[in-house]
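Have the viewer open while you read.

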Number of protein chains: 2
Amino acid sequence: MPDTLTLSLDAMGGDAGPEMVLPAAAIAAERHPRANFLLFGDEKRLTPLLALQPKLKPRAVIHHCDVAIAMHDKPSQALRQGRGKSSMWLAIDAVKRGEAHAAVSAGNTGALMAMSRFILKMLPGIERPALAAQWPTLKGQSVVLDLGASIGADARQLLEFAVMGEAMASCLFGLKQPSVGLLNVGVEEIKGLEEVKKAGRLLRELKLPIHYHGFVEGDDIGKGTVDVVVTEGFTGNIAVKTAEGTARMIATLMKDAMTASLLSKIGAALAFGAFRTIKARLDPSKLNGGLMLGLNGVVVKAHGGSDALGYATAIDVAVQMVKNGLTAKIAADVEEVNALLAQEPGMAAAIPPGDGA
Amino acid sequence: MPDTLTLSLDAMGGDAGPEMVLPAAAIAAERHPRANFLLFGDEKRLTPLLALQPKLKPRAVIHHCDVAIAMHDKPSQALRQGRGKSSMWLAIDAVKRGEAHAAVSAGNTGALMAMSRFILKMLPGIERPALAAQWPTLKGQSVVLDLGASIGADARQLLEFAVMGEAMASCLFGLKQPSVGLLNVGVEEIKGLEEVKKAGRLLRELKLPIHYHGFVEGDDIGKGTVDVVVTEGFTGNIAVKTAEGTARMIATLMKDAMTASLLSKIGAALAFGAFRTIKARLDPSKLNGGLMLGLNGVVVKAHGGSDALGYATAIDVAVQMVKNGLTAKIAADVEEVNALLAQEPGMAAAIPPGDGA
């Protein structure tokens with residue numbers, strides 16, 4: 001773990017932009033006394049905002065950029081227009097150049113993934129990145145991946161996702177052996193997609209230093225059956241958005257019902273503390289900070305709609321990952337997987353080489 | 001629409017079995033005064049239960065069967081052991097033989113799908129069945145399919161699912177032109193799985209009598225953006241179970257929070273009516289009745305955990321489908337699709353023939 005820690009922030013990213021990122025950096029500066037901050041963005045906007053944060057100011061440097069990636073730019077467009085000069089590009093590039101330990105952005109997810117992959121490259125032996133996030137469960141939190149960094153995954157890629165998600169969960173939750181499950185349509189070994197079944201076989205039979213639980217189903221995510229839920233990006237993206245939609249639907253129904261009569265309003269007021277407890281458990285700002293896994297460097301994606309507290313949580317995630325050596329852990333784990341696969345030619349032959357990109 | 005309506009019930013299916021199915025049939029008999037019931041199951045158990053339902057009795061006939069399919073039997077095992085003699089088999093077979101207009105079972109889903117397909121066969125031009133269910137949304141309900149009847153679907157199959165889901169929604173909700181969306185990881189046309197994009201192109205460009213909305217994302221399901229959400233079975237199964245898991249997690253957190261202090265208990269008591277309203281909106285017994293679509297006959301799957309009221313709702317669904325001519329509608333729609341595809345050789349060439357099973 002480095003003595004001091006430098007974080008590069010894309011100060012223009014997110015719906016609220018610099019007016020949210022700078023107060024977030026100030027919160028993070030208090031939480032992490034040895035952290036320094038590189039702020040990438042329009043200096044005319046950043047300078048007066050930084051002046052409002054006396055504790056952050058001595059530990060932050062503004063790097064001016066003319067270009068900001070819009071939230072709805074296409075990744076290809078963002079790469080073209082933002083290459084070498086946008087706040088997002090330069091924040092990631094600071095990690096590449098060794099000037100920062102990790103980058104954080106609340107900007108356009110597709111652009112952030114494309115740029116991160118372009119600038120940092122993948123770790124050796126990993127073909128595709130995965131987007132991983134924390135998911136609230138009845139037991140606490142789990143890590144779920146891939147949430148849409150790519151579409152489809154073969155058995156080897158699912159295995160890589162398992163290794164990467166396990167590394168993230170151990171860095172994030174401080175668990176020694178997080179349990180890992182493969183998302184499937186049933187828990188029996190004969191069910192599901194061919195590649196998921198193959199990945200299950202590999203996870204069971206290879207002597208990986210991973211606590212493989214087996215298949216899990218959609219409702220196991222919310223139960224917290226495992227610490228890490230692995231799936232390919234199409235399904236993962238739809239699962240996470242379906243869950244968000246369900247939670248939002250229930251919250252809306254609840255709000256409508258609670259304000260429908262005087263009695264329910266009084267009840268809601270008395271139960272206010274209880275509602276606050278639930279809200280805190282499901283609060284996206286407490287579970288903020290998705291990770292782009294598989295890259296040669298740490299890049300954290302904060303929610304586009306983050307407030308300062310939420311963005312500060314995403315910075316916490318970046319700090320945790322750097323402190324606990326996420327990138328080195330993933331690199332070592334993947335090397336081990338590949339060595340094991342090489343020792344088991346039968347099993348390696350059963351799956352295609354890692355060239356599915 | 002037939003003058004009288006005969007429903008065949010698998011009286012042994014479901015966690016609660018005949019003790020739930022017979023009271024359910026009694027409720028349905030009151031709701032549908034022209035309906036008759038064939039009850040398949042162990043006559044020693046059914047006879048005394050039927051004696052308790054004086055209004056049902058004159059309109060119900062018990063057909064004794066020795067075998068009941070267990071809730072966790074594998075489909076292959078169920079087919080082997082239950083063929084020609086189980087309550088599930090005979091209930092479906094009554095539809096095949098023209099003795100009943102529709103079958104209802106709360107039994108083992110996999111077995112019900114396998115037997116239904118085996119006995120009733122697919123409608124001409126449809127390669128694979130789909131399992132469709134009602135989903136609660138902010139606007140009311142939607143139909144979502146496929147929830148796991150098969151794994152993976154090519155563009156033509158997704159098109160068939162769209163046609164079948166649209167027919168179900170129009171029969172169920174009485175809508176003239178239900179809107180149909182394809183579940184994807186983004187709403188832009190360039191995103192997502194190749195087969196989903198192809199299906200989107202077909203739905204946009206063929207002159208189908210379908211109100212095609214476009215791509216929808218996971219959170220659109222709960223919002224009620226469209227009346228029919230189409231996806232392949234792997235993703236659909238995971239989406240529905242993830243949503244169930246999320247709703248259950250929130251309900252548990254809520255219950256815990258509401259009973260955590262005296263104040264919150266009083267609040268919860270005062271807001272009881274409001275909670276009841278929400279519960280009613282999300283109540284599975286009000287949204288009960290999944291359909292096996294694409295078969296040459298109507299088979300309704302009630303939840304395994306149905307109570308009598310829930311099972312009665314599943315019977316309502318069966319009645320609606322028969323009254324509104326679901327099977328004929330699907331057959332006609334699919335014929336139209338195939339005729340349109342034949343007129344557009346370019347487009348037909350872009351997709352594989354319907355042989356993906």
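Two residues are taken to be in contact if their C-beta atoms, placed from the backbone, lie within 7 Å. On that basis, chain A puts 50 residues into the contact and chain B puts in 50 residues. Keep in mind that this is a predicted model.

**The interface**

Which elements of chain A give two or more residues to the side that touches chain B? They are helix H8 (218-223), helix H9 (233-258), helix H10 (262-270) and helix H11 (272-282) of chain A. H9(A) supplies the largest share of that side, with 21 residues. By residue type, the side of chain A that touches chain B splits into 26 nonpolar, 16 polar and 8 charged.

**How the copies are related**

Two copies of a chain are related by a rotation about an axis and a shift along it.

**A helix pair in chain A**

Two packed helices are described by the angle between their axes and the distance between the axes. For helix H1 (residues 18-31) and helix H12 (residues 308-323) of chain A, the axes come within 8 Å and cross at roughly 50 degrees, so H1(A) and H12(A) are oblique to each other. The crossing of H1(A) past H12(A) is right-handed. The residues that meet are these:

| Helix | Residues in the contact |
|---|---|
| H1(A) | A:Met20, A:Val21, A:Pro23, A:Ala24, A:Ile27, A:Ala28, A:Arg31 |
| H12(A) | A:Ala308, A:Leu309, A:Tyr311, A:Ala312, A:Ile315, A:Asp316 |

The contact of H1(A) with H12(A) divides into 11 nonpolar, no polar and 2 charged residues.

**A stop at A:Ser150**

Where does A:Ser150 sit? Look in the loop between strand E6 (140-145) and helix H6 (155-173) of chain A. A:Ser150 has 18 C-beta neighbours inside 10 Å, so it counts as partly exposed. Leaving out residues up to four places away in sequence, A:Ser150 touches A:Arg128 and A:Gly233. A:Asp220 lies 70 residues from A:Ser150 along the chain, and their C-alpha atoms are separated by 23 Å.

How values were computed. Residues numbered from 1 in each chain as written. Chains lettered and ligands numbered in written order. Predicted model: local features only at pLDDT ≥ 70, side-chain atom pairs only at ≥ 80, totals over all residues. Helix = DSSP H or I, 4+ residues; strand = E, 2+ residues; numbered from the N terminus. Nonpolar A, V, L, I, M, F, W, Y, C, P; charged D, E, K, R; others polar. Axes fitted to C-alpha atoms, helices over the stretch in contact; angles between N-to-C directions. Parallel < 35°, antiparallel > 145°, perpendicular 65-115°, else oblique. Left-handed = near helix turned anticlockwise from the far one by under 90°. Buried ≥ 20, exposed ≤ 12 C-beta atoms within 10 Å, placed from the backbone.
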